[in-house]
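Trainee: I'd like to learn how to read salt bridges in a model. Could you walk me through some?

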Amino acid sequence: MTEQQLPAWADPSVSPARLDAQGVSRRGLLRRAGLFGAAFALGSAATPALASPRGGFGGEDPRLAYLVGDHHVHSVYSHDAKYTFSQQARAAAKYGLDWMVFNEHSNFGHASYGAKLEHAEILKARAENPRQLIFQGLEWYIPAAEHCTVFAAPGPHETDLLTRFELAYDGKLLGYTEGSADAADTARNEAHAVKAVKWLAEQRRSGYVDDVLVLANHPLRLGIDSPHEMRNWRDAAPEIMVGMEGAPGAQGAAIPGRRGSTSIRGEYENKPTAQSWAGYPADAFLTYGGFDWATATVGGLWDSMLAEGRLFTITTNSDNHRTVFDTWKNGDWPAGQNFDNTGKLPDPVNTDTPQPGSDFWPGEFSRTHVGVTRYGYRAVMAGLRAGRVWLDHGHLLDGLDVRLKRDCDAGRGVTLGGRLRVREGERITLYVTVTSASRANGEGIVPELAHVDVIRGAVRGPVTDRDTWRAPDTRVVQTRDVSGRKGTYTLRVPLTAGDESFYVRLRGSDGNRHGAGYLGAAVDPNGPVPHEPGNGDPWADTWFYSNPIFVHVAGG
């Protein structure tokens, strides 16, 4: 049975909140359409491309429904986590997740024992939770760099793919961790990371697995993911290495009074070391409104990659290991057992006393929304690859739809991750449909969006210096005050195509905390800023980000 086309009700302007107001939930509609069930979810037919390139001007992307997920969740099959699959799946269901990835840390115990045991539990979890798409993944220690989420579409080889990859390409297992500029092994290690991405691409091309994706995790936490490495991974197989965490997990790390006076959201509490890329300023090791400096800096690293005209998708997630205010602790090891000889931690036990933690449950605070035309595993992966993604913290919005089209066209135009072809000087309009939050979030707050920022940058093609982290022609070009607006409404933002290609992306917040962006007020007058160490209440500083839409100007 194949993944099925979404029915006509899946209009992008219809949010879960509006559907609930009509007495029909999004999940209820999906059930009625016959889109749930293990047999359907594991269908063998490949998901068609979400958009076909057009030779003419304009463009029209299909209608979308958005599935909410988290690609970075840990369980007892990671050496430093503590929850069972069932605990994580129940929490994800409570907070409205449609899909999630268990990406356990690589480890010899995991490769030898845990991965196969984990797969058996994932099959059970899929059967018990047919309304959730549950992926098996791996948190890859990138040779010479940080971590990545690697995950495959369900199939007969998903576990074998991950295990073979773990043993052949994991930097920690191989001892390929050195990444400092002058070290003898750095070039070999960086090259091995590129080989790893290419190997995954070959497994997809050969049909060994239906699909596989890689996303860089917490890229600036340690400053060891250099700009040239990120470009090298992307260019090795852009259909596989599709993006990075725009915001890390561990968003509860700086709740006042919890972890100490030096705590920072995301556990971004590090200083430059010999392993860090020397071109990053010390401020790059902080989060800004909970977002990684690479994403939060308008005109910064993410924009410098987009300015090449290459899509690089951003996401957010929980990175859940230990939930804030939780009362569970790891169980005790039986005599003679450890992680290396079992690949699994003992199941946790409840203490009735709050335990240390920095994380939120999957979907509780951080959400990645993926636009799909079909319900299923490969549809989510196709949406991530296509960049049809927006993300929010604190359940800031119920819904977001973005369309860009020429004023002379009557169709739907193109959406996030898409490309619009226009003539020089042509008038185009950006349509931003927002559905405000309609219910309290996990903190008991009904969040309110205060502003929407439109960010525009010139597309100049491949850079000469692959360690460039600035996009000097990217800036906030318009801010719309939406304070007090409720329900579903559409902002119309007129744009004009100049003589060169460009991209636009969106950002917005609750307006509680902002200031001049890292590259100055002329670039970003009201951007996210770092919080005081130890005083980073995440619920009081929430943002949304969208992926870009590219505009190709004929002749530009």
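This is a predicted model: local features need pLDDT of at least 70, side-chain atom pairs count only at pLDDT 80 or more; totals for chains, interfaces and linings use all residues.

Trainee: Which residue does Asp326 meet in a salt bridge?

Mentor: Asp326 pairs with Lys82 through their side chains, at 3.3 Å from N to O. The two partners come from distant parts of the chain, 244 residues apart: Asp326 sits in the loop between strand 9 (313-316) and strand 10 (328-329), and Lys82 in the loop between strand 1 (65-73) and helix 4 (85-94).

Trainee: Why does Asp326 count as buried?

Mentor: Buried means under 20% relative accessible area. Asp326 has 9% relative accessibility, so it counts as buried. Lys82 counts as buried too, because its relative accessibility is 1%.

Trainee: Where do Arg126 and Glu158 lie?

Mentor: Arg126 is in helix 5 (residues 108-128) and Glu158 in helix 6 (residues 158-169), 32 residues apart. Their side chains form a salt bridge at 3.1 Å, N to O, and both residues are buried.

Trainee: And how many residues apart are Glu202 and Arg205 in helix 8?

Mentor: Three, which is about one turn of helix 8 (residues 186-205). Glu202 counts as partly exposed because its relative accessibility is 37%, while Arg205, at 56%, counts as exposed.

Trainee: Which residues are linked in a network of salt bridges?

Mentor: Look for Arg231, Arg234, Asp235, Glu308, Arg310 and Arg466, which salt bridges link into a network.

Terms used:
Residues are numbered from 1 along each chain as its sequence is written. Side-chain values use heavy atoms; hydrogens and water are left out. A salt bridge is a side-chain nitrogen of Lys or Arg within 4 Å of a carboxyl oxygen of Asp or Glu. Helices (H or I, at least four residues) and strands (E, at least two) are DSSP runs, numbered from the N terminus. Buried means under 20% relative accessible area, exposed over 50%, partly exposed in between (1.4 Å probe, protein chains only).
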